Amino acid sequence: MPWLGHAMAFRKNMFEFLRHMQAKHGDIFTVQLGGQYFTFVMDPLSFGPILKDAQRKLDFVEYAQKLVLKVFGYRSVQGDYRMIHSASTKHLMGEGLEELNKVMLDTLSLVMLGPTGPSLDTHHWREDGLFHFCYNILFKAGYLSLFGYTKDKEQDLLQAEELFLEFRKYDRLFPRFVYSLLGPREWLEVGRLQRLFHKELSVEHNLEKYGVSNWITYMLQFLREQGVSPAMQDKFNFMMLWASQGNTGPTSFWALLFLLKHPEAMRAVREEATRLLGEVRLEAKQSFKFGALHRMPVLDSVMEETLRLRASPTLLRVVNDDQILQMASGQEYLLRNGDILALFPYLSVHMDPDIHPEPTAFKYDRFLTASGSRKVDFYKAGKKIRHYTMPWGSGVSICPGRFLALNEMKLFILLMVMNFDLELVDPDTPVPPVDPQRWGFGTTQPSHEIHQEYTFRHRRSCRTTAESRQEDLNTGKEYIEPCKTEPEPEESTVL
Ligand code: HEM
C-alpha cells in the first residue's frame, strides 16, 4: 500500500509478519511501515557492529524522544538520557541496589500480607487470576518502593491498588496508542489517564512522601537543576513508572505459570531455596540472606528461560548518514540516511533452533551447565554467540533497571513458592498463547487469564518435621525435606 506499506499486517501480528518476511527475504530486509522505512537485521552474528556502533552513526535517542513525547507527554532535555543511565548505575546497581532490595522485600511482604501481617483469613484457600495476582503485587510493591510512602500504610496500599487499576487501563490501550490506532473514545480515555498519572505522581505529592527512592530523587534533582518545569517533571515520573512497572508483573506471571506447569522445575527451585536460605518467611522485618540471591543458578535459569520465551523487545536506531553494514557473511548492504535499523531478537535469537534447540519448549535447566552452574556458552552455525538472549535490549539502550528487576522478581517467586500452596484451578489448562498485539513491547502478556487457587502456609514452619510430613501425606500435598542450609559467606542482613 502507498505510504502505509505493510503497517496493517505488522501491527496485527509483528511476530508472524517478520517470520514471513524472513522466510521470503532472508536475514536483512527493508519494509515500509506508515511512511517510514525500517531495515530489519535478523542474523545475530551480525549484531556486533550495530550494537557497538563505533562510528556513532546509529542514533537511539532521536526515535526514543519522539516516542516518549507522544506516549507520556515528556519533552526530553539535553543530557537526560545519559542522566537516567548514571542515576541507574548509582542507585539500581551495586550498593544502591542492596538498599533497594531490602526496601523491596519489606514492601512485597506488606503488599502480600497487608499492614497487620498474616491473619487467620490468610490461611483460607483463595482464587484469583494468576496474571492479575502477579501484576497487582509486583506493581504495588515496585511503585511504593520507588515512589515512596506516606505515614498511613493502609491508605498507601489502597492508593496503590487504585493506581494499578488505572495503570492496567493504560497498559491495555498502549500498543494501539503507539501505533495510532485508537478510536475517538479511546483517545479521550488515554488523555484522562495521562492527566491522572501526572497528578498522582506529581512532584508536589512527592513532598508529602517519605522513602522516595534515591533513584527517583536523583533524577528529579537533575531535571530541577536544568530548569525543567514541575509539570514536565510529573510527566517524567509517569514515564519512569511505566518503564519500571510494565514488565516485572507480566514476567513474574509467566515464571510462576511455567513453574506450576513443570513440577520438576518447581521442585528444583524449592530445593535450591531451602538449601541456601532455610526458610524464606513472609513477614516484615525478617532476616533474609540477600547474598544468596546471587547464588541461585536454578532460579536464575528459570528466569532466563522465562524471559527467552516471553520477552520480545524491539531495538530501534535511526540511521544518520548513508552507511555500509557488513553482515557476518561478508555481504555488504547500504543503510539509508533517515531509515530506521531494527532488531527483533525474540525471533532472530530466542526462537532460533540452532541456538536454542526446541525453542518453544520451557526447559528450566536450559541455562545450567552439567555441573549446575550458569551456562553462558551458546552457538550458532558452530560459532560462539555473545547475544544468546536479549530480553533487556542491548548496547546504548540496554535496560538500566535489569538488576533490580531480576532481584525483585526472584524475591517474589521465592516468597510465593516457599510460603504458599499454589494450584491451577484446572491443572490441565495449557499455557495460554501470547496476545499478538504485544509483540515488540517488552514482556508479552497472555491472550487470556488463568485461574489459580492459593493458600498461605506459614504456620507449617512452626510444625515439626514429623508433623509436616504426616500432614502433607494426609492432605496429599508435596512435602520437601528440609535440607541443611549452606553457610552464608557474607553477614546475613537483618532488616
Ligand atoms: C522484566 C522486567 C524488565 C524488562 C524485560 C525490561 C526491558 C527493557 C528494555 C528492553 C528496555 C530498552 C528498550 C529500548 O531498547 O528502547 C528497557 C528500558 C528501560 N528500562 Fe527496563 N525492563 C524491565 C524492568 C525495569 C525496571 C524494574 C526498571 C527500573 C526500576 C526499568 C527501567 C528502565 C528504563 C528507565 C529504561 C529506559 C532507558 C533509556 O532511556 O535508555 N526497567 N527496559
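**Reading strands, a helix and a ligand site**

Guide: Start with one pair. Thr-39 has Leu-341 as its bridge partner in β9. This is a predicted model.

Visitor: How many bridges join β2 to strand β9, and in which sense do they run?

Guide: There are three bridges between β2 and β9 (residues 340–343), and the two strands run parallel.

Visitor: Which strand pairs with β2 over six bridges?

Guide: That is β1 (residues 28–33), which pairs with β2 (residues 36–41) in the antiparallel sense.

Visitor: Now β6. Which way do its side chains point?

Guide: General idea first. In a regular strand, side chains alternate between the two faces of the sheet. Now the case here. Leu-315, Arg-317 and Val-319 point one way from β6. Leu-316 and Val-318 point the other way.

Visitor: Are these residues of β6 buried or exposed?

Guide: All are buried. Strand β6 spans residues 315–319, and five of its five residues are buried.

Visitor: Which strands pair with β6?

Guide: Strand β3 (residues 58–59) pairs with β6 in the antiparallel sense over two bridges. There, Leu-58 has Val-319 as its bridge partner. Four bridges join β6 to β9, again antiparallel. Val-318 stands opposite Ile-340 in that pairing.

Visitor: What about Ser-287 in strand β5: why does it count as partly exposed?

Guide: Its relative accessibility is 46%, so Ser-287 counts as partly exposed; the class lies between 20% and 50%. Strand β5 covers residues 287–288. Look along the chain as well. Ser-287 and Lys-102 are 185 residues apart in sequence, yet their C-alpha atoms are separated by 9.8 Å.

Visitor: Turn to helices. What span should helix α7 have?

Guide: The general idea concerns the turn. An α-helix has 3.6 residues a turn, so residues three or four places apart point the same way. At 1.5 Å a residue, the 18 residues of α7 (residues 130–147) should span 26 Å. The end C-alpha atoms are 25 Å apart, which agrees.

Visitor: How many residues of α7 are buried, and what comes just after the helix?

Guide: In α7, 17 of the 18 residues are buried. Just after the helix, Gly-148 takes a positive phi of about 90°.

Visitor: Last, the ligand. Which protein atom is a donor of its iron atom?

Guide: The only protein donor is SG of Cys-399, at 2.3 Å from the iron. Cys-399 sits in the loop between β11 (383–384) and α17.

Visitor: How many residues surround the ligand, and which are the closest?

Guide: There are 25, and the closest are Tyr-81, His-85, Ala-243, Ser-397 and Cys-399. By class, the shell has 16 nonpolar, nine polar and no charged residues.

Conventions:
Residues numbered from 1 in each chain as written. Predicted model: local features only at pLDDT ≥ 70, side-chain atom pairs only at ≥ 80, totals over all residues. Heavy atoms only, no water. Near = heavy atom within 4 Å. Nonpolar A, V, L, I, M, F, W, Y, C, P; charged D, E, K, R; others polar. Expected span 1.5 Å × (residues − 1). Buried < 20%, exposed > 50% of the residue type's maximum accessible area, 1.4 Å probe, protein only. Donors = N, O, S within 2.8 Å, 3.2 Å for Na, K, Ca; no water. Pairing = 2+ DSSP bridges.
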